[in-house]
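Hello,

Here is the structure I promised to hand over. Please look it through first; my findings follow below.

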Amino acid sequence: MVDSRLLHEQLSRKVEELWQEELEFLKTMIRFPSLSGKEHRLQLFLADYLTTKLKLQVDRFTPAIQQIEKHPGFSPPKWTYEYSDIVIGTHKGINPSEGKTLIFQGHADVVSAEPATEWDSSPWEPLEKDGRLYGRGSADMKGGIAAMIFAYRAIIECGYVPKNDFMIQVVPDEERTGNGALAALEAGYTADAALIPEPFGLQASVGQVGALWFEISLRTIKKDDYKQTQTNVIEKLHTITSSLMAFERYLNQTRSHLAFSDQDNPIDLNIGKVTAGDFASNEPVHATIEGRVALLPGEQISERKQELLDWIKQETKNDMWFKENPPTIEFYGFHAEGTLSDDTSPLFQELDAAHERVTKTKPTRRTLPSTTDARHFQLYYDIDTICYGPVGGQFHEVNEWVDLNSIKDVTKVYATFLANWCGVEKK
Ligand SMILES: [Zn+2]
């Protein structure tokens, strides 16, 4: 029987010893511009690392659409997964009668760094300054991936092995669909519990909203016969954007959820991309608006879709131009439901205990105004899952940063948590 206080102290010392290496490892990861759909090179590096340094049994494959497209958690992509590898490293438990199985899961992809010229330094060359590390993906979520990998390294380098199965999963396309996580689970890579190192400031998440992506297309099908001149579709974009904003207000006025009562507008609607025209002297015939709308836990994807279709129809029905040129709405990318967690579960208790040991502070909770891969584990596989990771800021924006001390703390928390959850013994 390993003394848990002693074990914790050993692991924490080992994390300190390995810290410079962990920092260099994180910087190396940031230098791979692993945008969604371009995770391949980073994943090759990680697959090699898990094999050679962690001695895990590694599987690497790309998500196969035909294996997940009928799944309720599937989000339809408009892109292929040719360069989007999933990497899974497995340790087979040596004494599975005690302890429980565990997955540490992180996403390899990062969002666009544009406009890159607005950054104070290159988004792909990590910059260390005042205890922070700047770079695209430093917080979301390469800092967390470094922590989960070095937590396991601390365990094996202290001479311990987990008694139960332990897995590191690094998945692609989390930022657009979550299909990487889904494909890994559908391939049979499951466990009793999972931890996702999203950078939420050492606070365990207890709920998250869902997200649905949409694209509204305007097209001049019929030229105006009620006017001398043709209407430019760009002029009509305004009708759609303002009706989307009204839709967001309507949703937040008519829906609420106790878990999200601390947030002003939990059902966020974001207009993220508008395109129209290609030449100053031409009149465009086509324009698109792409966006994302949230769902509270319990709300259905199909209902939100219908509400948006009905809303746009209603808002444009008295407009002569829209009558002859009805907009079309397509749904692609995120089809993510919201979820809630029971924070009294054994998983939360074990993580809370590790958090208190390392930080000497009481654990706190938060709800997320965004979606994460946790939903797949919770909703479709009944796997208790926590998002808990380092402190960071400017996610998805310019000058993204992560707090380095918090990564070290999180690495210690993960190591102690992993050792206690799976159980360990001396090799
Ligand atoms: Zn993330």
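**Domains**

The chain splits into domain 1 (4-208 + 339-426) and domain 2 (210-336). Please keep in mind that this is a predicted model. The centres of domain 1 and domain 2, taken over C-alpha atoms, are 35 Å apart. Across the boundary, 20 residues of domain 1 are in contact with 18 residues of domain 2. About 1,400 Å² is buried between domain 1 and domain 2. Carbon and sulfur atoms give 60% of that area.

**Largest pocket**

The volume of the largest pocket is about 1,200 Å³. It is lined by 38 residues, and the closest to its centre are Val111, Glu175, Trp213, Phe334 and His396. Which elements give two or more residues to the lining? They are strand S10 (210-219), strand S11 (269-276), strand S12 (286-295) and strand S13 (328-336). Both domains take part: domain 1 and domain 2 each supply at least three lining residues. By type, the lining holds 14 nonpolar, twelve polar and twelve charged residues.

Two bonds to check before you set anything up.

- Glu114 to Pro115: this peptide bond is cis, with omega near 0 degrees. Pro115 sits in the loop between strand S3 (102-107) and strand S4 (127-129).
- Asp140 to Met141: this peptide bond is also cis. Its omega is near -10 degrees. Met141 belongs to helix H5 (residues 138-157).

**Positive phi**

Two residues come up here.

Lys55 is not a glycine, yet its phi is positive, at about 55 degrees. It is found in the loop between helix H3 (40-52) and strand S1 (57-61). Is Lys55 buried or exposed? Its relative accessibility is 66%, so Lys55 counts as exposed.

Asn399 is also a residue other than glycine with a positive phi, here near 60 degrees. Its place is the loop between strand S17 (392-393) and strand S18 (401-403). Asn399 has a relative accessible area of 16% and is therefore buried, the limit being under 20%.

**In brief**

The pocket draws on domain 1 and domain 2. The positive phi values belong to Lys55 and Asn399. Lys55 is exposed, whereas Asn399 is buried.

Best wishes

Note on methods. Residues are numbered from 1 along each chain as its sequence is written. This is a predicted model: local features need pLDDT of at least 70, side-chain atom pairs count only at pLDDT 80 or more; totals for chains, interfaces and linings use all residues. Side-chain values use heavy atoms; hydrogens and water are left out. Helices (H or I, at least four residues) and strands (E, at least two) are DSSP runs, numbered from the N terminus. Buried means under 20% relative accessible area, exposed over 50%, partly exposed in between (1.4 Å probe, protein chains only). On a 1 Å grid over the protein atoms alone, a cavity is a set of points where a 1.4 Å probe fits but cannot get out, and a pocket is an open set with protein on both sides within 12 Å along at least five of seven lines; lining residues have an atom within 4 Å of a point. Grid points are joined across faces, edges and corners, and a volume is the space filled by probe spheres set on the points. Ala, Val, Leu, Ile, Met, Phe, Trp, Tyr, Cys and Pro count as nonpolar, Asp, Glu, Lys and Arg as charged, and the others, Gly among them, as polar. Domain bounds come from an automatic or database domain assignment. Contact means heavy atoms within 4.5 Å. Buried area is the accessible area (1.4 Å probe) that two parts lose on being put together, summed over both.
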